[in-house]
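Hi,

Here is the structure I promised to pass on. Have a look at it first, and my notes come after.

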Amino acid sequence: MNQRELFFKHIGQTSPAPLGLEIVRAEGVYLYDVAGKKYLDAIGGISVCNTGHRHPDVISAIKDQADRYLHVLVYGELIQSPQVEYAHTLASYLPEKLQSVYFTNSGTEATEGAMKLAKRVTGRTEIVAFDYSYHGSTQGSLSLIGDEYWRNAFRPLLPGVSHLKYNHLADLDRITEKTACVVAETVQAENGVIKPSKEWILALRKKCDETGALLILDEIQVGFGRTGTLWGFEQYGIVPDILLLGKALGGGLPLGAFIASKKLMDSLMDQPVLGHITTFGGHPLSCAAGLAAMKVLIKEKLIHFVAEKENLFRKRLIHPSIKSVRSAGLLIAVEFENFEINKRVIDGCIRDGLLTDWFLFASACLRIAPPLTITTEEIEEICRIILLGAEGYR
Ligand code: PMP
C-alpha cells in the first residue's frame, strides 16, 4: 500500500474530504509534495506558522533544546528554563494583569483550564459564550461552540452555558452576578472574520466589571501579530482577566496557554491542590521553539508590515464574483456567493499550487492567513491565482 492508501486506512478521519496532499517538506511560505509540486501556503497551518515554516532560528532552538533534555517531569515541578524564559518574555509584552502563564499542550486545553480557573475564583458556575464562536473540540470547549449542529450530537455537555449574539449590545444584559466568565474571541475567526465594534467590546468589559464575571479573551487564532498588533485586544483599549493563546504560540510545535494575574492563578493551588494538571503541557521543545519564533516576530518587525500587506490584499481582491472581503490584519475572509463557488475556487487554487481553506461557520468564504513573512510578490501571486478562480464564475 502507498502512503495515500495507508492514510485513509489507518489515520482516524473526521473529514469526509481531506485535502490529502502528501507533503514531504516545508520551507518559508512553501510546501512541497511527494511529486515535487510546490504550494504557496496562504493559510500558514491555520494561523500557526506566523514566522514561516522552519525558520532557521526556530529549528536551531529546537535542536539546542533536544541536545539538553526532552520531557523530564510533569508540569510545574521542575524549573525548566525554556518554560521560564518564555513565560518571562510573554509577560514582558503583556499588561500587569496578565503575568502568570499556565502552559498547556493545545488551544482547547487552554480554554478548559481558563473555565476551571474562572469557576474556582468566582465560586459561580454559569458561563457565557457567543454564537458562531470556536474555542476547541474537547467537551468543555465544545459546550461553548456557537453552533447547535456541532454541539447537539455530544450532549450532555457543560450545564449553565448560554450563547449571546456577538457584537449585540442588548444581549450583554444576560451577563449577571451568576456568571463565572464570559468567553469571547477578540476577532471571531471561524465565523468568517468578524471584528468586534469598539463600543460593544468596551461595553462587554464594563458589564464583566459590574457583575464580577471574568472576561476570557481567546486569541488562540489572532494572537502573535496576526491582526496587526501583537495582541488583538490592544486595538480596543481593554485587557481581559484571562488570555488564551495557542497555535503560533509554539512556533510550529504544540503549545497552548491560559494567562492571568498571579493572584487569580494561585487559586488553583488550593482546594483542591493541583487544581489543573498536565503531563506534557509546556513541553521544553515547544517552549524553546515558541520563544525563538516570538523573538523572530519582534526582531524582524513582522507586525509592522501587517496593515500594509492587508491593504494590498484588499486592493487586489476586487472582482464581480467576490461579494465581500473581511479582514483583521492578515486574517482575511474572501466571500463568494455560495459554498459551491467557494469550493471550486479553493480546488482550483490547489491545482494551481496555492493552499487556502474555508471557515467552520462561513462556508462561502475562502480563508487567507499566510505567514506574516509573506512578501509583496507572493501576495500578488496569491491574489492572481484566486482571481483566476473567481473569473470562472463571473
Ligand atoms: N480557539 C480558537 C479561536 C481556535 O481557532 C482554535 C483552533 N482552531 C482553538 C481555540 C482550539 O485550539 P486547538 O485546536 O489547539 O485545540
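This is a predicted model: local features need pLDDT of at least 70, side-chain atom pairs count only at pLDDT 80 or more; totals for chains, interfaces and linings use all residues.

Residues are numbered from 1 along each chain as its sequence is written, and side-chain values use heavy atoms, leaving out hydrogens and water.

**The helix pair**

The axes of helix 3 (residues 56-68) and helix 10 (residues 284-299) come within 8 Å and cross at roughly 150 degrees. Helices here are DSSP runs of H or I with at least four residues, and strands are runs of E with at least two, numbered from the N terminus. Axes are lines fitted to C-alpha atoms over the stretch in contact, with angles from 0 to 180 degrees between N-to-C directions. Helix 3 and helix 10 are therefore roughly antiparallel (an angle over 145 degrees). On the helix 3 side, the contact (heavy atoms within 4.5 Å) is made by Asp57, Val58, Ala61, Ile62, Gln65 and Ala66. Helix 10 brings residues including Pro284, Leu285 and Lys299.

**The largest pocket**

The largest pocket holds about 1,800 Å³ of space. Of its 44 lining residues, Ser15, Asp357, Trp358, Leu360 and Arg367 are the closest to its centre. (A pocket is an open set of points on a 1 Å grid where a 1.4 Å probe fits, with protein on both sides within 12 Å along at least five of seven lines; lining residues have an atom within 4 Å of a point. The volume is the space filled by probe spheres set on the points.) Helix 12 gives the most to this lining, with five residues. Strand 14 (357-359) and strand 15 (362-368) are among the elements that each supply at least two.

Cheers

Key:
Angles under 35 degrees count as roughly parallel, over 145 as roughly antiparallel, 65 to 115 as roughly perpendicular and the rest as oblique.
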